[in-house]
Amino acid sequence: MKVLLFLCGLAIVAASEWENFKLTHAKVYTHGKEDLYRRSIFENNQKVVEEHNERFRQGLVTFDLKMNRFGDMTTEEFVSQMTGLNKVERTVGKVFAHYPEVERADTVDWRDKGAVTPVKDQGQCGSCWAFSTTGALEGAHFLKHGDLVSLSEQNLVDCSTENSGCNGGVVQWAYDYIKSNNGIDTESSYPYEAQDLTCRFDAAHVGATVTGYADIPYADEVTQASAVHDDGPVSVCIDAGHNSFQLYSSGVYYEPNCNPSSINHAVLPVGYGTEEGSDYWLIKNSWGTGWGLSGYMKLTRNKSNHCGVATQSCYPNV
């Protein structure tokens with residue numbers, strides 16, 4: 001009888017957690033079968049969080065997890081809906097960044113200098129490439145002109161035809177568009193709608209321009225750190241295709257199964273540092289403030305190009 005009561009208690013707790021999750025994240029499903037399916041995924045993800053966090057408490061891993069709005073999605077669904085980077089092979093003729101070997105600060109955070117706009121949210125549109133593009137350009141524009149202007153990702157989604165809007169894109173191609181177009185509109189004049197629409201660029205509302213971009217040499221985290229230190233946030237691409245990334249909460253992220261060659265998500269390092277002996281990149285994501293460290297992540301740095309953080313990186317010239 002006691003065993004039965006205990007099991008009933010567990011079922012009640014699980015049901016309560018599921019109802020709280022749906023309420024917190026405004027989840028509504030079309031029918032009962034979908035609700036049951038999503039609940040099973042949620043419970044599996046909740047188990048992943050609990051087991052991982054027990055390892056974190058034991059000091060076996062350097063970051064913890066938490067349930068978030070992606071908790072009712074499989075990793076495959078999550079990657080399909082929330083990433084959107086296209087990988088390109090480097091070609092002859094690219095301009096590569098080079099920095100002199102001088103002593104630089106051990107810690108950088110461009111948020112403290114006013115070079116970073118608030119965390120944005122790409123929604124269920126594979127437009128991460130657009131957010132990484134605007135983030136780096138917002139910082140570069142600020143450093144050159146002294147004013148922080150939020151730029152339009154929707155302008156890129158609709159008008160950068162070399163890219164594929166919500167179906168993915170390449171940051172470098174976005175900079176090519178901005179250069180040939182003589183600028184990109186401001187966020188306020190061309191707000192984000194998380195869907196592919198007709199191009200409505202208006203030259204009267206240009207917020208920033210570029211003269212080109214420079215690539216970071218493949219897997220060169222030293223040069224990448226110099227670029228972040230000297231020139232502000234840069235556009236980078238990573239392998240975000242893991243349950244641990246989906247449910248990341250805090251700490252220095254290290255995923256043994258990350259593959260530097262399997263990049264699928266564009267993000268924005270706005271700084272770097274070291275925490276309890278672990279070097280990290282301070283990453284601004286585009287999944288809203290409810291993910292990670294209020295929209296940010298600390299990603300392992302100087303450990304064999306972890307998750308491909310220096311596989312396909314660049315920054316704009318303004």
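Student: Which residues does Tyr-253 touch, not counting residues up to four places away in sequence?
Tutor: This is a predicted model, in which local features need pLDDT of at least 70, side-chain atom pairs count only at pLDDT 80 or more, and totals for chains, interfaces and linings use all residues. Residues are numbered from 1 along each chain as its sequence is written, and side-chain values use heavy atoms, with hydrogens and water left out. A contact means heavy atoms within 4.5 Å. On that basis, Tyr-253 touches Phe-63, His-242, Ser-244, Phe-245, Tyr-248, Cys-258, Met-297, Lys-298, Leu-299, Thr-300, His-306 and Cys-307.

Student: In the largest nonpolar core, which residues touch the most other members?
Tutor: A nonpolar core is a set of buried Ala, Val, Leu, Ile, Met, Phe, Trp, Tyr and Cys residues joined through side-chain atoms within 4.5 Å. Buried means under 20% relative accessible area, exposed over 50%, and partly exposed in between, with a 1.4 Å probe and protein chains only. The largest such core has 75 residues, and those touching the most other members are Tyr-175 and Tyr-253.

Student: Which helix gives the largest share of this core?
Tutor: Helices are DSSP runs (H or I, at least four residues), as are strands (E, at least two), numbered from the N terminus. The largest share of the core is 7 residues, and these come from helix α4 (residues 128–145).

Student: Is Tyr-177 buried or exposed?
Tutor: Tyr-177 is placed in helix α6 (residues 171–180). Beyond four places away in sequence, Tyr-177 touches Asn-155, Leu-156, Cys-159, Ser-160 and Phe-201. Because its relative accessible area is 12%, Tyr-177 counts as buried.

Student: Where does the largest share of the lining of the largest pocket come from?
Tutor: On a 1 Å grid over the protein atoms alone, a pocket is an open set of points with protein on both sides within 12 Å along at least five of seven lines, whereas a cavity is a set where a 1.4 Å probe fits but cannot get out; lining residues have an atom within 4 Å of a point. The largest pocket is lined by 16 residues, of which Arg-104, Val-222, Thr-223, Ala-225 and Ser-226 lie nearest its centre. The largest share, 5 residues, comes from helix α7 (residues 221–231).

Student: How much space lies in the second largest pocket?
Tutor: Among the residues lining this pocket are Val-48, His-52, Phe-63, Ser-244 and Tyr-254; the largest share of the lining, 3 residues, comes from α2. A volume is the space filled by probe spheres set on the grid points, which are joined across faces, edges and corners. For the second largest pocket this space is about 200 Å³.

Student: How many cavities of 30 Å³ or more does the structure hold, and which element gives the largest share of the lining of the largest cavity?
Tutor: The structure holds 1 cavity of 30 Å³ or more, and about 100 Å³ of space lies in the largest cavity. Of its 15 lining residues, Phe-131, Ser-132, Lys-284, Asn-285 and Ser-286 lie nearest the centre. The largest share of the lining, 6 residues, comes from α4.

Student: Which residues does the UniProt annotation "domain: Peptidase C1A papain C-terminal" cover?
Tutor: UniProt positions are given in the numbering used here, feature names are shortened, and annotations may be inferred rather than shown by experiment. According to the unreviewed UniProt entry, the annotation covers residues 104–317.
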